[in-house]
Amino acid sequence: MLLWTRRSRVLLWAVFAVLFTAIVLAPLLMIVLASVAGNWTGLLPGALTGSHFGQALSGETFASLSVSIQTGVIASVVSVLLGTWAALAARSAPSKLRKAVDTLFHLPIAVPSVVLGLALLVAFSRPPLAFNGTRWIVLLGHVMILLPFSYSTVSAAIARMDPLLAQAAASLGASPVRVLLRVRLPVLLPSISASASLALAMSMGELGATMMLYPPDWRTLPASIFALTDRGQVFLASASTVLLLAVTLAGVVILGLARGRAAQR
């Protein structure tokens, strides 16, 4: 504790500020500047323009943004519903079964997303589940990536939940369904909302599995940004990245507000 002086705290915050600026703020600033750059031949852009955002909000790039939003919303809802259901079911299961379920649901985290995409590509390329070349295989890939995080978030909340609440409701004659809907789920709402925010942010930025799976008519915005960068269209790619960040942040903020209201209840 003697080392935790005012001088050491100032030094620690200074080191944090330098690292945060170099690792997070500087790259983001460069992307924002590139998104409005007409040309860039020196240290800073030589001219500023908003034309890149006009291009990003039209044509194939805007279609990719629409696909990302649809994919993010659908995959987040499905992963949160499945993750919450699995967490509630596993909580009341025997110890060995609960450990097996935990291992199964956390397995996708240990597998690189590219490998997961390839596995789905091979598994669903033949009838009767020939999803290859359709939007469904992209949605399935996103759900598999998001599901472990939704499951673990809700599982942690269930572990912290006071079991006396459900027991008291049951002792007063409430049915199991009523206990679930009126006691357990309301208590878990903040964690469910938090898992939805995490799922949406992850889905909106997912690239590894998506690059292996997406068909021409269901290309997400991260895949389009990668393609633009590969073609050397860095300014348009930067504008698309800023747009992706803005939409993702808006979604996370909305879910955060919902989580705050749920916590107040």
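Q: How far apart are the end C-alpha atoms of residues 65–255, and how much of the span is helix or strand?
A: The end C-alpha atoms of residues 65–255 lie 19 Å apart. The span is 80% helix and 0% strand. The model is predicted.

Q: What does UniProt list for residues 65–255?
A: An unreviewed UniProt entry gives these residues as "domain: ABC transmembrane type-1". Such annotations may be inferred rather than shown by experiment.

Q: How many salt bridges does the structure hold, and which side chains meet there?
A: Side chains of opposite charge can pair when their charged atoms come close. In this model there is one salt bridge. Glu60 and Arg219 form the pair, at 3.3 Å from N to O.

Q: Where in the chain do Glu60 and Arg219 sit?
A: Glu60 is in helix 3 (residues 59–91), while Arg219 is in the loop between helix 9 (208–213) and helix 10 (221–230). The two are 159 residues apart, so the pair links distant parts of the chain.

Q: Is Glu60 buried or exposed?
A: Glu60 counts as exposed because its relative accessibility is 60%, and the cut-off for exposed is over 50%.

Q: Which residues make the nonpolar surface patch?
A: The patch covers about 1100 Å², and its residues include Leu11, Trp13, Phe16, Phe20 and Leu245. Helix 1 (residues 6–35) gives the most to the patch, with 10 residues.

Q: Where is the place of Leu245, and why does Leu245 count as partly exposed?
A: Leu245 belongs to helix 11 (residues 234–264).

Definitions and conventions: Residues numbered from 1 in each chain as written. Predicted model: local features only at pLDDT ≥ 70, side-chain atom pairs only at ≥ 80, totals over all residues. Heavy atoms only, no water. Salt bridge = Lys/Arg side-chain N within 4 Å of Asp/Glu carboxyl O. Helix = DSSP H or I, 4+ residues; strand = E, 2+ residues; numbered from the N terminus. Buried < 20%, exposed > 50% of the residue type's maximum accessible area, 1.4 Å probe, protein only. Patch = residues over 30% accessible without salt bridge, like charges linked within 9 Å, V, L, I, M, F, W, Y side chains within 5 Å. Areas by Shrake-Rupley, 256 points an atom, 1.4 Å probe, with all protein chains shown as cover.
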